Amino acid sequence: MAGIVVGVDGSGHSRKALERAAAEASAHGVPLTVLVVHQAVRDVYGYPSHYQEDAAQTAKVKGAAQAETDEVVAALDAKPASVTITSVHGLPADELIKASQDADMLVLGRRGMGGFARLAMGSVSSQVAHHAACPVLIVPHDE
């Protein structure tokens with residue numbers, strides 16, 4: 001996932017992060033990857049649990065992320081080199097840190113409480129900022 005990766009969850013905070021990430025990707029001529037995480041439930045050992053409905057829910061949040069991304073990109077004067085929507089089932093902080101391995105920059109909203117993925121960005125953004133393998137831009141809601 002070279003380029004800019006942005007974590008979205010359907011909240012106003014993640015919308016601001018998506019807008020900023022799309023503008024940055026456009027300005028630098030790099031690809032934009034929009035990552036949405038269908039949050040897994042932790043099992044008794046702290047690992048993500050998997051249920052039969054997870055694939056359908058992961059596809060549902062991807063559709064919501066696609067619609068929001070299309071709306072944000074359409075409003076830009078200059079478009080990113082490419083836009084990819086990726087949806088995964090897992091633990092948000094873990095998935096974002098994993099995505100940071102190959103990214104040039106990771107963009108997150110300060111807080112979430114997700115509209116469509118329940119990605120709580122307060123503690124997630126803190127964890128990601130401390131453990132990401134690339135620079136992290138945390139966008140405040142009122143930017």
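Hi everyone, let's start with Arg-20, which is partly exposed, with a relative accessible area of 26%. One thing to keep in mind as you look: this is a predicted model.

So who does Arg-20 pair with? Its salt-bridge partner is Glu-24, and their closest N and O atoms are 3.1 Å apart. You can find both residues in helix H1, four residues apart, which is about one turn of the helix. Is Glu-24 buried or exposed? Glu-24 has a relative accessible area of 19%, and because the cut-off for buried is under 20%, Glu-24 counts as buried.

Now, how many salt bridges does the structure hold? There are five.

Let me show you another one, between Glu-71 and Arg-15, where the closest N and O atoms are 2.8 Å apart. This pair links distant parts of the chain: Glu-71 belongs to helix H2, residues 54-74, while Arg-15 belongs to helix H1, residues 12-28, and they are 56 residues apart. Glu-71 is partly exposed at 48% relative accessible area, and Arg-15 is also partly exposed, at 24%.

Next, please turn to helix H3, residues 92-100, where Lys-98 and Glu-95 sit three residues apart, about one turn of the helix. They form a salt bridge too, with the closest N and O atoms 3.5 Å apart. Lys-98 is exposed, with a relative accessible area of 53%, whereas Glu-95 is buried at 14%.

Finally, which residues are joined into one network? Arg-15, Glu-19, Glu-68 and Glu-71 are, through salt bridges that share partners.

Note on methods
Residues are numbered from 1 along each chain as its sequence is written. This is a predicted model: local features need pLDDT of at least 70, side-chain atom pairs count only at pLDDT 80 or more; totals for chains, interfaces and linings use all residues. Side-chain values use heavy atoms; hydrogens and water are left out. A salt bridge is a side-chain nitrogen of Lys or Arg within 4 Å of a carboxyl oxygen of Asp or Glu. Helices (H or I, at least four residues) and strands (E, at least two) are DSSP runs, numbered from the N terminus. Buried means under 20% relative accessible area, exposed over 50%, partly exposed in between (1.4 Å probe, protein chains only).
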